[in-house]
Structures are given as structure tokens and as C-alpha cells.
Amino acid sequence: MYSLEKIKINIADAINDALKKKIVSAADLIYPPKPEFGDISLPCYAIAKLSGKTAVEMAEFLVGKIFAEEVASTKALGPFINFTINKTKLAQKVIAEIAEAKNEYGVNANGKNKTIMVEFAHPNTHKAFHIGHLRNILTGEAVSRILEANGYKITRANYQGDIGLHIAKCLWGVGQQEKEYKAVKNKDVKAKAEFLGRAYAYGSKNYEESQGAKQEIAELNKKIYNQDKTVMAAYRATRKWSLGYFAGIYKRLNTKFDRLYFESEVFQSGREIVLKNLKKGIFELSQGAVIFEGEKYGLHSRVFINSEGNPTYEGKDLGLAELQFNEFRPEKILHVVGPEQAEYFKVIIKALELVMPASLGREAHLRYGWVRLKEGKMSSRLGNVVLGEWLLDEAKKQVLEIMKGARGLKNKDAVADKVSLAAVKYSILKNGLDKDIAFDLNESVSFNGSSGPYLLYTYARIQSIIRKSNSKSEARNSKQIQNPKSKIQNLSDAKEQRLIVKLAMYPEAVASAGKNYDPSEAAKYLFELAQEFNNYYHAVPVLKAKAEIRMARLALCGVIGQTVKNGLRLLGIETVEEM
RNA sequence: GCUCUUGUAGUUCAGUGGAUAGAACAAGGGACUCCUAAGCCCUAGACGCAGGUUCGAUUCCUGCCAAGAGCACCA
């Protein structure tokens, strides 16, 4: 693959040749802040130090001695050496490469023969599905796609809490609202899910405020654990409602899971693992419960089996890990979970390491930040949540509003679906993983600036140009483009040269996003590429250019479109041809 | 109290041990007989505070301040 990364390696080699020592690596080369400075730079501070020269002296000393094939000019500017790449060659190779690789442009084999399990979504049944879950799913899916582009085999897993106190709270709430429960049975999944969310909030509230209710809920919880016949019918029915509702959301978001795990299926094995290792001394008895003494490892203690004899979330997680490793033998398991469980995961991973030494270094908590409301706190416990579906529906409404004036656009509804999904997905994924997202109900998703629709619009524009060129082959015939005599060398405008450099950076962006498990890196790259293209689009004519230039520019447009599409696919965003 | 995370323009976010800290939104101004105005161009505006390490710190370290989260039988 011909990328800027490769050129950096060659330049580093050339620098080392000039120094007659091997001290510079590709990682020491940076991209300069301004295009006028060149395409790749070497700050000379570090190597100057080794030789006793100042950085400025070093830059001047070295500048005439570096010879790299791809470099058109090398200039010293203060303590920097700036390299300008030969754009004619670069354009030729990059355009040919993308035209040839198409959907595969940017993928690498870093993770060849390795399986990573990405465990995400995990909404609990019987609880509301809010925008926090949405961020989780979008993140998990995007990370999965990015890792796939990095050559990993990905197993998408979803671990759902279908047993535990929250269920009892919900079912207690359901029991208090028999009438509504009966009525909702005949309604659609959405109404059912909403009813369960309300019942959960109601049960939760009473659990905290009323001793009587608290006791009843505890009793009910025991019955569920013991599969008591008096509660199982309601339990099974409502569980099914929840799962059905979730399935609809996964479909809408275009996510599929290879394996759905449930707490109910690891409940037994989790308990057994803890008890077995209690004998070995990894766990200890304390106040009637089985705990792991985290303090020994600089962490905190946690209960794995409660004094009722039931495994807690902790205990169940051990059973889950065993099952996951046995079923898929993943190199790594990434648990996409919110920041509130950061400390929890440290304890679990430590305990797991002792119980199952093979898990060492293979379990990781992939944490993402909160989605907060600007207007105040959000809690499914309190019932004041923004539902995931609300956001999707709202976004679509707004898109349809914007599209009202659109002239003869076919498939308006399908386009609105894609555009609104793109808006929601991008607005969430563009944020750094660790950052909280401050969510404004009034401006929930954006359609201007750094937004999903902006990227789709850019793509649609490119497709429109290609359509109007009346010759797709003109842009896409890779044989012609690869021909050294083709007119690619006519791309001499500074804006298009910058675009070519940007395109050559794409593989690096994919690799980096994969290494850091960070979709926002891909999002950022795409926005920058789109921005540069739009600037170019307004300044430089494509269809009205002279024939030989026109062909080269069409080829460029074609590969930009391809790259935008590839990048969006990593984020789980589909393109539209027109909007 | 202890631990973790986060403090960058009015707002929401990028970013880096090095060249003038980038965008978007909002504000103000501008361009079209031209490939989609969900677009483009211009203007104004920011590294919480205090020390330290360094030739150089917004970035690394320490302390403080602020916000959020976690700290035994919830998930």
C-alpha cells in the first residue's frame, strides 16, 4: 500500500543515511502545521542534542544531505527540516491505489488471525433504553468495524441483565399497575417497553422510599431467582417484550450480534467458580458473603456471592468470562461499558486473572463517557430519561423538515432515514471516547458544520459530479488511471494537491483509530477531508475544466468519494447518492 | 475521607514536549448568470490556578480549585 506512512519510513531512512547513524524513525516525523511548510517535517532538537549542535545549525547542516526518492524539495526553516513530496507521483499512485482497492482502501492486516470479542449494548431487560445505550451501541459497532478494517476477526457479543434486583423492581411496579399491564398486552412493542420503563421507575422509587415495598421487592427477587411459578409467567412475558424491543433498535441502528449472553445463563457457573476458588483462598468469607479482598492489590473489596447465597454481578461476570473464552477463544475481550464501572472492572479483571490465569491481559474495559443532559441529570431510576428512539425519531422529523423544499428527490423517506441516522451517529461518535457528551434537547443533533449530514452532502455532491460527467468510467477506469501517460499529472492546483496528501493519510487514520479503539479519530479525519473537498469544490471547476484536466479531476473526485464512503462505513454510516 | 475521570473561545469539541493552539455552533461581515446554499470565503474570541522538570510545558510531575463517578452484599 502506498501511503504517507511509507513515505515517512523512506524519509527516515534517508535521514539516517545522511547522519550515518540510525537514530530517526518514522514516528519522529511530523505533519507541519501549515501547508506552506511542506508535507512532512523533522524537528531537529533531539538529533542536535546528540551532536552538540543547536537545532538550527543541525537543520542547516543536514538539509543538503538527505536524498529520498519521493521528495521534491527539502528546506531548512529554523530548527525544522521540511520535506515537500513530489505530488505528480503521489497523485498517480494514490489515485491508482484507491481506484483499484475500492472498498478495501485503507484496510490493513494488523490483526490477522486474531479474534477480538467486542461486548457492547447490554441493556438490561425491563429497563428503559436511553441515549446512553445509544452511545454504547454506536461505539461498540464502530469499534468493531474499525477493528475489522484492521484485519481482526470480530465477535460481537451482548450481555444482558435479565435477572437481578432491577427485574424485581420492575415486576413489582407491574404488579401495582395490573390494569395497565393487561391493557398494554395488546399494544405494540414500543408501548410495552415504555410501560416497563415506567414500572421500573415506579418500583425503584418505592424501593427507596417505602420499607414495605422494599421488603416485597426483595421477596419477589427471591422468587424470580428460585423460578417460583407464581411469578414466572409475568417474568417471561415481560422479558420477551424487552428483548423484542431491543431487537428492533439493533436493526434500526444496523447492528447485529453473534452471541447474546444473559445473566441467567452464567448465574450458576459464576457461583460455582467463586465457591471453588473460595476453597483455594482467592475469595474469603465475610459477614456471610463471599468477597474478593481487592485491598491486597491496591483495589477495593467486592462481594461476589451475597449472604443470600446468590452471585452478584461480580460472580456472574466470572461465569461469563469462562463461557466467552470457551466459546470463541478471543485474543481479547473489550467490554464497552460506561465510566462508572471503571473501578469495578479493575477488581473483576484482577480476580479473574487469579481464577483463570489464561485471561491475563486479555480482558479490557473500553470506557466511554456519559451522555448528559444540559438541562439536568438523567436517570432511568428516576424515569427522566431521553429514550434512544426519541432521538432517532426527532432527528428524522427535523431532516424531513429540512427536505421539504427539496426538488424532485426520489425515496425521500429512505434518504431521510439515512441522513437522520448519520446525524445521530456522527454527533455521538465524533466525541472522544472518554469525554462526556453534553446533550442539548433543543439542538439534539446537528445538520451543519461538523456533522453527519455534512459528510453525506459532500459525498452526494461528488456523486452528482460523476453522474453529470456522463461517463463513470472516466472517473473510475483504473487501468486508464494507472497508465503513466494518463492525465493525472495535470493536478497542479494547490488545493487538489493537499487533497491528495490527505487521501494518502487515510490508511494511517484507520490504523490509529484501531490501535486506540477510537472512532472519533476516523470521524475527525473524514470531516477534515470533506472540508478540504468542499473548499476545493467551490474554488476549482471540475466539469468545466479543459478535457485533460477534467479527466484527472474526475478521477480525484471519484477516489475522494470512495474514501469518504469507506470512512463512513467504519462509523456505521451509510451514504446517499442524492440529498 | 480515599480512588478514578475531566477542566482549552460565549457554547460544543479537536490537538501537541517544539513553528502563529485547530474546528463547529452562536455573533458580525461577504461572494453566485458557474458542477446540490445541509455549501463556500472573511472578522472577532480560549489552554482552571500555583509551583516543578526541560533549551522549550497547554501537553509530563506535584499541590490546589471546580465538575462528575466509584468506594460490600444493585447492575
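Helices, which are runs of H or I of at least four residues, and strands, which are runs of E of at least two, are taken here from DSSP and numbered from the N terminus. On that basis, chain A of this predicted model holds 22 helices and 13 strands.

**Chain A overall**
- The C-alpha trace of chain A spans about 80 × 65 × 40 Å along its principal axes.
- Of the 579 residues in chain A, 45% are buried.
- When contacts in chain A with a separation of 6 or more are considered, 75% of them are accounted for by residues 24 or more positions apart.

**The largest nonpolar core**
- This core comprises 163 residues, and among these Ala522 and Ile560 touch the most other members.
- Helix H22, which runs over residues 547–570, gives the most to this core, with 11 residues.
- Once neighbours within four places in sequence are left aside, Ile560 is in contact with Ile462, Leu499, Leu503, Leu529 and Phe533.

**The surface near RNA strand B**
- There are 74 residues around RNA strand B, of which Tyr45, Gly161, Asn306, Gly432 and Gly449 come nearest.
- Helix H16, covering residues 452–468, supplies the largest share of the surface near RNA strand B, with eight residues.
- Sorted by class, the surface near RNA strand B consists of 35 nonpolar, 27 polar and 12 charged residues.

Methods: Residues are numbered from 1 along each chain as its sequence is written. Chains are lettered from A and ligands numbered from 1 in the order in which they are written. This is a predicted model: local features need pLDDT of at least 70, side-chain atom pairs count only at pLDDT 80 or more; totals for chains, interfaces and linings use all residues. A residue is near a molecule or strand if its C-beta atom, placed from the backbone, lies within 6 Å of it. Ala, Val, Leu, Ile, Met, Phe, Trp, Tyr, Cys and Pro count as nonpolar, Asp, Glu, Lys and Arg as charged, and the others, Gly among them, as polar. A nonpolar core is a set of buried Ala, Val, Leu, Ile, Met, Phe, Trp, Tyr and Cys residues joined through C-beta atoms within 7 Å. A residue is buried if 20 or more other C-beta atoms lie within 10 Å of its own, exposed if 12 or fewer, and partly exposed in between; C-beta atoms are placed from the backbone. Two residues are in contact if their C-beta atoms, placed from the backbone, lie within 7 Å.
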